[in-house]
Structure formats: C-alpha cells, structure tokens
Amino acid sequence: MTSPPTSITIVGAGSAGLRLAQRLASNGLPVTVYEDHPEIGIPEHCSGLISARNTQALGFDLRDSFTNDIYGAKIFSPNHTQLRIERKKPVAHVMDRSLFDKTLYRQALEAGANIELNTSVMNVKGNTIFTQSKGKGGMKKSNIIVAADGVNSRLRKIAGIESHPTDFIHSYQVKAAGHFDPRFVELYLGDKFAPSFFAWVIPENEESAKVGIGCKMGVNPVHAFNAFLKEKQINIHVKESNSFLIPCAPPIRKLVSDPILLLGDAAYQTKGTTGGGIIMNCKSADILGDVIKEHVMEGASLDEYPRRMEPIFKELELHYKIHQYQSRLSDGQVDKLFLKLKDAGVEQFLSEEGDMDEPTQFIGKLLSNPRIISFLPEAISFAMTK
C-alpha cells in the first residue's frame with residue numbers, strides 16, 4: 001500500500017512564500033499557498049530596493065518591475081557630513097514591489113502551485129489548518145506548514161516563539177513628487193528624527209521618489225517624518241503614504257517546530273542595517289525548498305533547514321550587530337565617526353568593496369586596511385556590541 005502524497009501548505013504570498021511555492025511546484029511537489037489579502041502585492045510594505053548582484057545570482061527576470069537603476073549612496077551624519085559611495089555600474093534596482101510580487105505570483109502559478117487569495121489561516125493544531133474565506137470556515141490537513149506570513153506572523157506565535165516590541169522598527173513611507181538625483185539613494189542619520197534607525201530617499205526618477213523613515217517602537221513615525229523634512233529642508237509633494245513594521249532583531253534560529261517551519265519576515269530574515277528583506281527572504285526560500293524536496297523524496301530531516309541557513313544567519317547577525325552599534329552612538333559620536341571615516345578613505349573602499357547584502361565579504365578587508373588603525377577604539381567597541 002503506497003503512502004499518501006505529502007501535503008505542503010505555505011501561509012503568506014509575499015516574496016518568500018511565492019519563491020518557495022514556485023521552487024517546490026517546479027519539482028513536482030503539491031503545494032498550496034494561503035494569502036489573506038484579496039490581491040497580491042497590496043498593500044505595499046517595502047521600499048523596493050534590491051541589489052543588482054543578487055538579482056542576477058537568484059536568477060530573477062524582473063525587468064518589468066524595475067523603475068530605476070541606482071549607482072551609489074549618499075549617507076549623511078546628523079550635522080550633514082556626507083559619505084558618498086559610487087560605482088560605474090548599477091549596484092541596485094528600484095522596483096515596484098507590487099509588480100515584483102505579481103511576477104513571482106505568476107511564476108508560481110505557471111509552475112503548478114495552488115494559490116488561494118482572500119483566505120486567512122486562523123489557527124493550526126497539529127497537522128490541521130483552520131482557515132476562513134469570505135466568512136466561511138474551513139479545515140485542511142497538511143504534513144508541512146510553512147509560516148511565511150510576514151512581520152506580524154500569527155503562526156510564529158502558534159509555534160511558541162514570542163515577539164517583543166524591541167524586535168521591530170516602526171516605519172512611515174510616502175511616494176513623493178519633487179526633484180531628486182536618480183543615481184543615488186540618500187540615507188540620513190539623526191537621533192532627533194530617526195532614533196535607532198534612519199530616514200531615506202529612494203528615487204524612481206528625477207521627479208518621483210520613495211521617502212521614508214524608521215524609528216524605534218514608541219516613537220510616532222509620522223511626527224518623526226515631518227521633523228525630518230523640516231530639519232533637512234526637503235520640499236516634496238506627498239502622493240500616497242503607508243506605515244509598516246520592519247523586523248530588526250537577530251534571525252530566529254528555531255526554524256522548525258513540527259509541523260511548522262518559519263520563513264522570511266516571520267523568521268526575522270531581514271537585514272538590521274537597512275530593513276531590507278527580499279534577497280535574504282528568497283535565499284532562505286531556496287534553502288528551505290531544497291530541504292523540503294529532499295525530505296519528501298529521500299526522507300531527509302527537516303532539521304537540515306536551520307543547519308543550511310548558517311551562512312545566512314552569520315550575515316544577518318552581523319547586520320544586526322552593525323545596527324546595534326550605530327543605534328547606541330549619540331549624534332555627536334556619529335558626526336565624529338563620519339569625519340574619521342572620510343579621512344581614512346572609507347568612501348573609496350566601500351565604493352570598491354562594499355556589499356549591501358553580505359557584510360562578512362568586506363568587513364575583514366576593512367579591518368586589515370592600515371588606514372583603519374585609527375579606528376581601534378571603535379573596532380573594540382563594535383566587537384563588544386551584543
């Protein structure tokens with residue numbers, strides 16, 4: 001007597017869930033995705049900046065969703081000291097996140113995934129999923145349940161992992177009309193308007209940009225955003241706005257709580273330095289996809305998932321460590337650090353060696369640079385940051 005086929009359910013049709021669904025379906029595995037919103041990509045909770053290198057590495061063909069190419073960044077300290085990082089080729093792409101998710105949605109459908117919109121997962125007990133769609137309840141048995149239900153994950157709590165207010169950054173972002181340099185992202189540090197994070201300008205073209213701010217929980221991000229515009233004398237016309245949470249904590253290492261597996265923002269697979277999650281979410285989805293395939297076809301353990309995530313854990317933990325170090329500096333300390341960085345030639349170094357996704361690739365080179373010896377006190381302080 002043959003055993004019944006493994007049933008795989010993914011909760012959440014964001015980038016992580018859809019990437020995983022496409023990968024599993026492409027390998028002939030039966031997969032169902034539940035998404036509580038009636039439309040993919042709406043609401044848009046993302047700045048939409050994605051690295052050019054990893055876009056190619058992940059095999060994305062997403063040119064239809066790209067709105068601009070970014071060649072560098074201008075990073076401003078509280079007193080407006082600027083670090084300018086620039087390359088001759090694009091280092092990142094700005095995209096319409098809604099179109100991006102719709103592209104992943106189409107790819108998952110074409111691969112054979114079953115995706116049910118406007119369907120909420122209300123509870124999970126053992127292998128039984130309780131759903132609600134258009135006011136009607138439903139039940140489904142599933143051998144594997146993937147929690148890709150985002151920053152406010154209900155399944156994360158069901159899996160026994162509690163979140164805390166300090167795990168998140170509260171952000172506010174607008175789509176704005178104005179005058180912008182389309183080649184550069186702008187980042188603004190300042191505890192007066194963006195405690196524990198920063199403000200950003202991400203241009204879509206010369207006349208349109210995504211302008212936003214992130215703050216520690218307890219600070220009103222709308223008030224902080226207005227204070228930022230006033231402080232930096234930025235004149236824009238707001239066309240639309242939204243507010244959302246960003247995971248900003250060490251990645252969750254307890255990813256397997258049978259039958260639930262955590263993925264994406266639900267697992268804090270997000271960069272603490274920038275709040276970006278698309279690349280890390282999709283890389284994690286690829287790892288989990290391989291593990292699930294081997295589990296179904298060869299009987300391999302699902303505990304391989306966190307083991308294979310170790311390289312990504314290291315990157316994410318370093319991102320968070322950098323965030324913790326920066327957020328503990330006063331505005332005056334940040335200003336002094338920027339001046340020392342400029343004098344040490346860090347702008348040129350980051351232009352040549354910087355990586356917006358994988359800081360372990362260049363942090364060793366940075367510390368071995370003889371001009372960085374003047375940063376010994378800062379290096380010791382950073383090493384002691386927990």
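Is asparagine 118 buried, partly exposed or exposed? At 29% relative accessibility, asparagine 118 counts as partly exposed, where buried means under 20% relative accessible area, exposed over 50% and partly exposed in between, with a 1.4 Å probe and protein chains only. The model is predicted, so local features need pLDDT of at least 70 and side-chain atom pairs pLDDT 80 or more, while totals for chains, interfaces and linings use all residues. Residues are numbered from 1 along each chain as its sequence is written, and side-chain values use heavy atoms, leaving out hydrogens and water.

Asparagine 118 sits in the loop between strand S8 (114-116) and strand S9 (119-125); helices (H or I, at least four residues) and strands (E, at least two) are DSSP runs numbered from the N terminus. Its phi is near 55°, a positive value in a residue other than glycine. Serine 196 also has a positive phi, near 75°, and is placed in the loop between S14 and strand S15 (199-203). Most residues other than glycine have a negative phi, and most peptide bonds are trans.

Two cis peptide bonds can be looked up next. One joins isoleucine 42 and proline 43, with omega about -5°, and proline 43 is in the loop between strand S2 (31-34) and strand S3 (49-51). Another joins aspartate 258 and proline 259, with omega about 10°; proline 259 lies in the loop between strand S18 (256-257) and strand S19 (260-262).

Now the helices. The axes of helix H1 (residues 15-26) and helix H3 (residues 97-111) come within 8 Å and cross at roughly 20°. That makes H1 roughly parallel to H3, a term for angles under 35 degrees. Residues of the contact (heavy atoms within 4.5 Å) include Leu18 and Ala21 of H1 and Asp101 and Leu104 of H3. Aspartate 101, in helix H3, counts as buried at 6% relative accessibility. Leaving aside neighbours within four places in sequence, aspartate 101 is in contact with Gly14, Ser15, Leu18, Ile40 and Gly41.

The last topic is aromatic rings. Rings of Phe, Tyr and Trp (its six-membered ring) pair if their centres lie within 6.5 Å, and planes under 30 degrees apart count as stacked, over 60 as edge-to-face and the rest as tilted. By this rule there are eight aromatic pairs. The rings of phenylalanine 76 and tyrosine 188 have centres 4.8 Å apart and planes at 15°, so the pair is stacked. Phenylalanine 76 is in strand S5 (residues 72-76) and tyrosine 188 in strand S14 (residues 184-188), 112 residues apart. Both residues are buried.

Definitions and conventions:
Axes fitted to C-alpha atoms, helices over the stretch in contact; angles between N-to-C directions. Parallel < 35°, antiparallel > 145°, perpendicular 65-115°, else oblique.
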